[in-house]
Amino acid sequence: MILVMGATGHIGSKITTHLLANGQRVRCVARHFPDKSAFQGAELAQGDANNVSFLTDAMRGCSAVFTLIPPNFSAPEVRFYQNKFGEVIAEAIEEAGIKKVVNLSSVGADLESGTGPVLGLHDQEQRLNEITHADIMHLRPTYFMENLLGGLSTIISMNRYFGTIPGDIPMSMIASRDIAARAAFLLMNPDFKSNNIEYLLGERDLSHEEIIRVLGQAIKKPDLEYVEIPSKEMKNYLIGAGIGEDWADSFLELADSFTNGTITGTITRDKMNTTATSIEEFARTTFLEAYNKALLAESAPKTRPSESRGEARP
C-alpha cells in the first residue's frame, strides 16, 4: 500500500493516477474528496492531515508515503504553521514505522534565509532526516507552471499578466505532471537509501516575457503583455485577494530570490534534473483548459438573491 498526501491537489491527484494505472494499491489522504469517482480503485482516508492520530492511522500498513505540507493562506504565520504541520507528519511517520518517504520540498531548501515559504520546507527536510529508520527522498522542484493560473483574471479583464520578477530574467518552471511522474516512479521503485535530494528544473529556462508570449499564442491573445509592478502594489493585491499578510510578504521574498538568483544559484541544469513538459505543451493543455473555464465563468449570468429566501440560486 502506498499513501499519497494532498491527493486532491495538482501533484497528489496525478501521483494517484500514475500509481493506479500501474496496478498499485493506493491510500489517498485529503480533507475532502469533492469527486470520489475520480479516485476509483483507491482507498480514501478523509480527514485532517494536521491531526497526528488521523495521519498515523492512515499511514499504518503502508510501504511508502508521499508527504507534503499544504499551504494554508489563512494561517497568520507561515513558518510557524509549516513547522507545526511538519511535526505532525514526522511524528506519524515514526509512529507508523514507515520505511520509505518521498517528500515534496523545493529548490532553495538548502538555504537558511531569504526564500519565503521555502524556509518551512528547509526545516521539514532537516526534521525528516532525523528519522533514523526511514529512507527519505526530498524532491526539490522549481517554480510551478500552475502558478501562472493565478493571473487568469487580469489576463481576461485587462490582457495583462502582472508580476514582480523582471520580465527579461530567465528562470526555470516545471509542470506539476512532471513532479508527479517522478514521485510516482520513486514510490513504486523505492531503491533509495538514507537521505537523498533530487532537483527537478522543468524543460528549459525562460523569461516571463517569453512565457507570456507563449501563453498569449495558446489562447489567441498575441498581444498579451507581461507587466512588472512594485512589490508594495503586488502585496496589496494579494491581501485583497484574501491572502494573509505574512503569506504575501513570504511570496514576495520568494520572488526576490528568483530575481536575484540566490534560490537556484548553486544548481546546474543537466539531463537528470531536466523534465519533459515544455511551456508550449503546458500552454496548449492545462493553461488553455483553465482559461476557457475562467472565460466561461466570466460570461455566465450572475446569480441574484432569491426574493423568498434571501439567498443566491444558480
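Reader: Quick one: which residue in S6 is the bridge partner of Val102?

Author: That's Met137. Bear in mind this is a predicted model, where local features need pLDDT of at least 70, side-chain atom pairs count only at pLDDT 80 or more, and totals for chains, interfaces and linings use all residues. Residues are numbered from 1 along each chain as its sequence is written, and side-chain values use heavy atoms, with hydrogens and water left out.

Reader: And how many bridges do S5 and S6 pair over?

Author: Strand S5 (residues 100-104) and strand S6 (residues 135-141) pair over 5 bridges, in the parallel sense. Strands here are DSSP runs of E with at least two residues, helices are runs of H or I with at least four, and both are numbered from the N terminus. Two strands pair if DSSP finds at least two bridges between them.

Reader: What's the strand order in the open sheet?

Author: The 7 strands go S3-S2-S1-S4-S5-S6-S10, with parallel pairing. At the edges sit strand S3 (43-46) and strand S10 (195-200), each pairing on one side only.

Reader: Which strands does helix H6 touch?

Author: Helix H6 (residues 176-188) packs on the sheet and touches S1, S4, S5, S6 and S10. Its direction makes about 170° with that of S6; angles run from 0 to 180 degrees between N-to-C directions, with axes fitted to C-alpha atoms, for helices over the stretch in contact.

Reader: Switching topic: is Glu125 buried or exposed?

Author: Glu125 counts as buried because its relative accessibility is 2%. Buried means under 20% relative accessible area, exposed over 50%, and partly exposed in between (1.4 Å probe, protein chains only). Glu125 is in helix H4 (residues 118-129).

Reader: What is Glu125 in contact with, beyond neighbours within four places in sequence?

Author: Asn103, Ser105, Ala109, His138, Arg140 and Ile197. Contact means heavy atoms within 4.5 Å.

Reader: OK, pockets. Which residues line the second largest pocket?

Author: His10, Lys14, Glu146, Leu149, Arg177, Thr286, Glu289, Ala290 and Lys293. A pocket is an open set of points on a 1 Å grid over the protein atoms alone, with protein on both sides within 12 Å along at least five of seven lines, and lining residues have an atom within 4 Å of a point.

Reader: Where does the largest share of that lining come from?

Author: H10 gives 4 residues, the largest share. By class, the lining has 2 nonpolar, 2 polar and 5 charged residues. Asp, Glu, Lys and Arg count as charged, Ala, Val, Leu, Ile, Met, Phe, Trp, Tyr, Cys and Pro as nonpolar, and the others, Gly among them, as polar.

Terms used: 1 Å grid on protein atoms, 1.4 Å probe; cavity = no way out; pocket = protein on both sides within 12 Å on 5 of 7 lines; lining within 4 Å.
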